[in-house]
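Please consider the structure shown below.

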Amino acid sequence: MPVYNFCVSVDDAFMKITHVIRAEEHLTNTLRQMLILEALGHKPPTYAHCSLILGSDRSKLSKRHGATSVQQFSKQGFIPAAMLNYLANLGWNDGTPKEIYSPKELMEAFDLNRIIKSPAIFDMVKLTWINQQHVRVLPFDEIRPIVLKELSIGDNAILSSSDVSANTDPSFGDFLNIATKIAQRDMDLTTDTNRLVGICLQYDSRQSLATDPHVEEVLNDALIPVIEALIDDFSSGAMPNGLETNFSDLWKGYMKTLGGKLGLKGKALFHPVRFCLTGRMSGPDVGDQIRLIALAQANIKSDYPLVTLKSRIDALRSFSLDEAKKIVEESKAKQQSQ
């Protein structure tokens, strides 16, 4: 320790260090280093000591509590701005209820006098929430490359890394844009990308019937005319297929026409259409999902279990309202017996 204190003191002096901010464990070293610097004729820097960061069990944070390196947190889906925000919040606050800061805001607000004396608890739930707040407002040109990277890694990757570098299809950029929009909407961690995009590319209405209590809202006689209209419009080409350059406008016009034809509007129209075409009762805009499905066919891995719009319409052809109601009732009975 004598050698350590001497070396760091000399190093601070020659590096012209003005502030030393470190953990409270160094409190005992501070007086020694100040005495060494004064003996050598150097002015000591300003020292500040932060309280320790503890794990959920209130013991000193260590590897047994999970990730401890920046790289590990990055692989888990946390972005730098969120990590900086959360770590700053652990031992400091600006005296206001504000919790979300950009790096620039932190630099402007930070004051050593506001450092908290009591130990902070490292909370992964809170860190994830702060990450969510940051990723959902990232500028599109910043989140887009993150989504591209995530789509090509992991066991459930939608793109292959070789396809990304070699893909020359002019629709690839459009696919990535709509995938980014969909992923960012509900993203907590960047690693959520493949799951969020993948849900839209797949189709499992039976799963929704068995697990989503809201699905009963559309299981009535009014659903059948909606199904018949969707099948007819797809077959005749009246329904936009998702590949049109002006698809967004065409889809809005189509939904308006469909509502007029069926005498439905609002939730009475949108909910059954969503269930029929996506297999779910909630999620991203239905038009965005149709666009994603259409563009995916030429751009994702060939072995990915994509369910095309045609396949979804074919599933509607064999849809049975009575069978759907039966699945819901069986699921409810099973849950009540558990």
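P305 is in contact with L201 and Q202, leaving aside its neighbours within four places in sequence; contact here means heavy atoms within 4.5 Å. P305 itself is found in the loop between helix 15 and helix 16, where helices are DSSP runs (H or I, at least four residues) numbered from the N terminus. Along the chain, P305 and G198 are 107 residues apart, yet their C-alpha atoms are separated by 9.0 Å. The model is predicted, and local features need pLDDT of at least 70, side-chain atom pairs count only at pLDDT 80 or more, and totals for chains, interfaces and linings use all residues. Residues are numbered from 1 along each chain as its sequence is written, and side-chain values use heavy atoms, with hydrogens and water left out.

Is helix 15, which spans residues 286-296, enclosed or open? Of its 11 residues, 11 are buried, so helix 15 is largely enclosed by the rest of the structure; buried means under 20% relative accessible area, exposed over 50%, and partly exposed in between, with a 1.4 Å probe and protein chains only. Among the buried residues are D288, Q289 and R291, as well as I290, L292 and I293. The cover over them includes helix 9 (172-186), helix 10 (193-201), helix 13 (247-262), helix 14 (267-278) and helix 16. At the N-terminal end, D285 caps helix 15, with a side-chain oxygen 2.9 Å from the backbone nitrogen of G287.

One of these covering elements is helix 10. The axes of helix 10 and helix 15 come within 9 Å and cross at roughly 90°; axes are lines fitted to C-alpha atoms, for helices over the stretch in contact, and angles run from 0 to 180 degrees between N-to-C directions. Helix 10 and helix 15 are therefore roughly perpendicular to each other, a class that takes angles of 65 to 115 degrees, while under 35 is roughly parallel, over 145 roughly antiparallel and the rest oblique. V197, C200 and L201 of helix 10 make this contact with Q289, L292, I293 and A296 of helix 15. These residues divide into 6 nonpolar, 1 polar and no charged; Ala, Val, Leu, Ile, Met, Phe, Trp, Tyr, Cys and Pro count as nonpolar, Asp, Glu, Lys and Arg as charged, and the others, Gly among them, as polar.

Helix 16 also packs against helix 14. Their axes come within 8 Å and cross at roughly 110°, which makes helix 14 roughly perpendicular to helix 16. C276, L277 and T278 of helix 14 meet L309, R312, I313 and L316 of helix 16, and the contact holds 5 nonpolar, 1 polar and 1 charged residues.

A further partner of helix 16 (residues 309-317) is helix 12 (residues 223-236): the two axes come within 10 Å and cross at roughly 140°. Helix 12 is therefore oblique to helix 16. On the side of helix 12, the contact involves I227, L230, I231, F234 and S235, and on the side of helix 16, L309, K310, I313, L316 and R317. By class, these are 7 nonpolar, 1 polar and 2 charged residues.

The account ends in helix 1 (residues 2-14), where N5 lies. N5 is buried, with a relative accessible area of 3%. Not counting residues up to four places away in sequence, N5 touches N29, R32, Q33 and I36.

Definitions and conventions:
Helices (H or I, at least four residues) and strands (E, at least two) are DSSP runs, numbered from the N terminus. A polar contact is a pair of N or O atoms within 3.5 Å; within protein, one must be able to donate a hydrogen and the other to accept it, and residues adjacent in sequence count only if both atoms are side-chain atoms.
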